[in-house]
Amino acid sequence: MSELLKATSLTRYYGDYRAVDNVSITLNAGDILGLLGPNGAGKTTTMSMLTGNLAPSHGDILIKGCDLADEPKKAKQSLGYLPEQPPVYRDLTVNEYLRYTARLRNIRGKAITLAVSKACDRTGLDQVSRRLIGNLSKGYQQRVGIAQAIIHEPDVIILDEPTVGLDPIQIREIRDLILELGTRHSVILSTHILPEVQAVCNRVNILHQGRIVYDDANTETPEHKQLIVQFGRDIDVHSLLELSSISNVIRQDKGRYVIQHHSDSSPASTIASMAVENQWGLMELTPSEMGLEHIFISLTQGEEQDDSRDQNAEQAA
Amino acid sequence: MITPIALLELRRMMLSPLAWVILALIQFLTALQFLNSVEEFMLNQPRLSALENPPGVSDWVIAPLFADVAFMLLMVVPVISMRSLSVEQRDKTLSLLMSSPVSMTEIVLGKYLGMLLFLAIMVGMICLMPLALMPGTTLDSGKLITGSIGLFLMLSAFTAAGLFISSLTRSPAVAAVASFFLLFALWLMFWINSGGEHIRQLVEHLSLLHHFVPLLKGSINTADVTYFIVFATTFIVLTIRRMDAQRLQG
């Protein structure tokens with residue numbers, strides 16, 4: 001796989017405050033990379049640097065092999081960027097605005113009309129192309145912003161919180177659009193919404209306090225799944241641990257256990273029959289993914305959260 | 001790449017009522033002034049013709065007209081230039097240009113040329129008035145040409161300063177007020193009379209008006225033309241540097 005975008009050890013200071021600290025990001029062809037992080041994690045700063053809107057204090061950015069600092073024009077030609085606030089001129093019509101952005105990206109002559117109608121088509125703007133951008137709803141303005149980013153068919157598309165402030169239907173439409181974009185372009189998408197990443201991204205980096213704390217390309221994803229079981233009483237955990245497919249059993253509450261098992265084989269039926277055999281009084285048996293949410297929360301909220309949860313468990317016991 | 005930016009700047013200016021109001025009011029005030037001086041000239045003509053080397057209609061009408069227009073535009077150009085970079089920064093639309101394959105120099109020059117196009121239209125419309133005298137009298141076309149060149153150079157200098165000020169702030173109102181005071185100070189310098197001879201001379205050389213007057217009288221001086229070009233270039237370079245620094249400081 002070819003690397004379309006490679007940022008190495010990006011650091012950015014605002015005065016003494018280090019907003020982004022030694023962040024490295026790699027985007028391969030065909031990736032939809034989610035940049036996930038709580039508010040203020042440095043997502044927007046990182047994206048501004050990747051798109052040349054901010055100069056990094058340290059670090060290099062290569063886009064299709066062109067250094068953004070040395071050959072900015074060449075590098076930016078393969079880049080489409082939608083900032084948090086769509087950079088639209090409210091006093092222009094959609095058509096006028098898109099024609100202008102096409103010209104800015106070195107599209108000339110008849111190709112402009114073609115590019116504009118194609119971008120309108122892909123973003124569903126055909127109906128409103130003659131209306132003033134200022135009179136469009138937020139969702140449509142967001143689409144204009146996306147159309148602007150894809151008009152020159154760039155290899156890398158960078159979208160900063162593309163679904164913020166939209167209603168649920170618009171969010172779904174924009175997500176579908178991003179999935180569609182992912183088939184032809186590589187996309188970096190920043191968000192603080194977990195389901196969004198799960199819905200559209202095939203890769204995730206988690207950013208916290210300016211650092212990448214999780215990169216699924218480098219970090220081992222735990223090869224575990226888990227079952228949540230509720231018995232009528234506490235049981236002898238050892239009999240469960242004897243099963244080869246079970247790796248760990250955690251007691252959460254009276255009779256409530258989280259059973260982690262290897263992802264290939266589910267011990268659910270075995271547990272059920274054991275429960276019947278030993279009269280454990282099985283009430284609930286729910287499979288659950290040890291997913292991104294767990295990783296996200298444990299990485300961004302640190303130990304305090306885990307501690308308090310343990311304390312709760314102890315108190316309950 | 002400068003052309004699309006310049007054309008869009010002009011287009012967006014023309015979309016706002018402000019530009020049309022300015023064009024109309026300037027035209028109206030200039031027309032009043034023009035008719036007034038034509039009338040004065042007609043009244044005084046018998047006495048003037050008795051003189052040995054009488055001032056023609058070009059001296060009597062065109063030069064004062066252009067001088068007045070320049071002074072009026074001193075107040076108007078800041079209003080035209082105030083939005084150019086400040087609003088782009090405020091509304092975060094600048095990131096469209098920054099993430100496009102366009103250099104900062106092209107962005108700034110594009111904005112600048114867009115405004116100059118607008119001002120060229122204005123100067124063109126003002127020139128129509130003296131030209132309207134053509135059927136009735138012979139105009140000193142040399143003086144008309146140097147006068148309009150002078151006026152345009154003056155406006156280019158105003159605009160460059162206004163552009164720079166608008167890059168410093170996100171508020172268009174602040175940009176307008178600050179540009180106006182900067183230009184006004186540079187204009188007024190001509191009348192400073194205190195200080196020694198050297199200081200007076202230096203101040204005179206820095207003054208905008210000092211270099212404008214000869215052009216109105218019909219003499220094109222390399223020193224004067226260079227002054228305006230250096231003035232405009234300085235502010236444009238400052239603007240580019242300022243915008244680049246913005247990218248570094250964030």
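What share of the contacts in chain B between residues at least 6 apart in sequence join residues at least 24 apart? That share is 81%, where a contact means two C-beta atoms, placed from the backbone, within 7 Å.

## Before you look

This is a predicted model, so local features need pLDDT of at least 70 and side-chain atom pairs count only at pLDDT 80 or more, while totals for chains, interfaces and linings use all residues. Residues are numbered from 1 along each chain as its sequence is written, and chains are lettered from A and ligands numbered from 1 in the order in which they are written.

## Chain B

Chain B has 11 helices and 0 strands; helices are DSSP runs of H or I with at least four residues, strands are E runs of at least two, and both are numbered from the N terminus.

Its C-alpha trace spans about 70 × 45 × 30 Å along the principal axes.

## A stop at A:L62

Over in chain A, A:L62 sits in strand 4, residues 58-63. A:L62 counts as partly exposed because it has 19 C-beta neighbours inside 10 Å.

Setting aside neighbours within four places in sequence, A:L62 touches A:K6 and A:D67, in the sense of being in contact. As for A:N28, 34 residues away along the chain, its C-alpha atom is 12 Å from that of A:L62.

Definitions and conventions: Buried ≥ 20, exposed ≤ 12 C-beta atoms within 10 Å, placed from the backbone.
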